[in-house]
Amino acid sequence: MSEKILITGGSGLVGTALSKAYKSTSEEITLVTSSHYDLTQQLDVNFMFANHKPTKVIHAAAKVGGLGSNMKYKGGYLYKNLMMNTNVIDQANVWGVKRLVAFLTTCAFPAEVEYPLDHTKIHLGEPHESNFGYAHAKRMAEVQIRAYREQYGVKYSCVIPTNIYGPNDNFSLEHGHVVPMLIHKLYKAQRDGTDFNVWGTGKPLREFIFAQDVAELTKWVLHNYDGEDPLILSTSDEISIEHLVDLLVKEFKFTGKVKFDRSKPDGQYRKPSDNSLIKSLVPAFKFTPIEEGIKQTVEWFKENYDKARR
């Protein structure tokens, strides 16, 4: 009997990458989206498990956004993510799912903590004030999974990717993460002959990981990892926002002015991570270089501008 794998957030950045990762498989893959079920509602989640009866689950659905959106809608990010995580993890256990992988975020780590970040430091202090609603909701998924593993003996795990980017991202100028938002802004600047305006100083450092890399690693985790420690999915290579802007300008062949708006917030300056655990488990894995990932993402956005989420 083949495995039946349910993937939430099926139309999102990670969901579509997972669909590609499972393209050649004997397993039965079901991708669900918000158009199918409202994961904030327990009854909907119950229906989802009753209808599909999965043996394994990858919970990638989330209410996500960039710095500005997280600062403006903290309550909404807290409530929606808390309810989605709680319902999916609980109903997975109710319906006898023995393996589940849930997505956390490096935003869940404390704002003030000794670097590099590793799985032992998630709860050592308050997260950064700019996204504490989203961060606390994600923390509670780790707490719930830890409690369910202890009480029910389920093999549920967490992964903590750094900044994910890639084709089929949300390129919204208000709600998008930094890479897709900057791609959209630069696309419009080039199209309209205007300046390319970037929030902040450009000095903060971030670690970016290509969505397809996240998908391949998550697939490995679902089928091979029994440990209770959350796994950080990261290249552990930091680049500045300024460097990212330079890569985008080069890819677009943009010749206009680039302006950093220092009146806007930078967010957390840096949050370097320790990827030694995942590297020890999958030592042969090769991460997509940032230059190649940016190239693929920009090309996809240009080709799919009319239908891209923006």
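This is a guided tour of a predicted model, stop by stop.

**Before you start.** Residues are numbered from 1 along each chain as its sequence is written, and side-chain values use heavy atoms, with hydrogens and water left out. In this predicted model, local features need pLDDT of at least 70 and side-chain atom pairs count only at pLDDT 80 or more, while totals for chains, interfaces and linings use all residues.

**Stop 1: the six-stranded sheet.** Select S1, S2, S3, S4, S5 and S9. Helices (H or I, at least four residues) and strands (E, at least two) are DSSP runs, numbered from the N terminus. The six strands form an open sheet with parallel pairing, in the order S2-S1-S3-S4-S5-S9. Two strands pair if DSSP finds at least two bridges between them. S2 (28-32) and S9 (231-233) stand at the edges, each with a single partner strand, so one side of each has no neighbour in the sheet. From one strand to the next, the twist averages 20°. Axes here are lines fitted to C-alpha atoms, for helices over the stretch in contact, and angles run from 0 to 180 degrees between N-to-C directions.

Zoom in on S1 (residues 4-8) and S3 (residues 56-59). Four bridges pair them in the parallel sense. Ile 5 stands opposite Lys 56 in S3.

**Stop 2: helices across the sheet.** H4 lies across S3, S4 (99-103) and S5 (155-161), at about 175° to S3. Contact means heavy atoms within 4.5 Å.

**Stop 3: Asn 93.** Stay on H4, which holds Asn 93. Asn 93 is buried at 17% relative accessible area. Buried means under 20%, exposed over 50%, partly exposed in between (1.4 Å probe, protein chains only). Leaving aside neighbours within four places in sequence, Asn 93 is in contact with Tyr 148, Tyr 152, Val 154 and Tyr 156.

Stop 4: Select Tyr 148 and Tyr 152. They are four residues apart in helix H5, about one helical turn. Rings of Phe, Tyr and Trp (its six-membered ring) pair if their centres lie within 6.5 Å; planes under 30 degrees apart count as stacked, over 60 as edge-to-face and the rest as tilted. Tyr 148 is buried at 14%, while Tyr 152 is partly exposed at 38%.

**Stop 5: Arg 139.** Move along H5 (residues 132-152) to Arg 139. Arg 139 is buried, at 6% relative accessibility. Its side chain reaches the backbone oxygen of Gly 125 at 2.5 Å. Not counting residues up to four places away in sequence, Arg 139 also touches others, including Phe 109, His 123 and Glu 126.

**Stop 6: the aromatic cluster.** Select Phe 171, Tyr 187, Trp 300, Phe 301 and Tyr 305, which form one aromatic cluster. Both Tyr 187 and Phe 301 are buried.

**Stop 7: charges over rings.** Select Lys 219 and Tyr 22. The charged end of Lys 219 sits over the Tyr 22 ring, 4.9 Å from its centre. The criterion is NZ of Lys or CZ of Arg within 6 Å of the ring centre and within 35 degrees of the ring normal. Finish at Lys 63, which lies over the face of Tyr 77 at 5.5 Å from the ring centre.

How values were computed:
A polar contact is a pair of N or O atoms within 3.5 Å; within protein, one must be able to donate a hydrogen and the other to accept it, and residues adjacent in sequence count only if both atoms are side-chain atoms.
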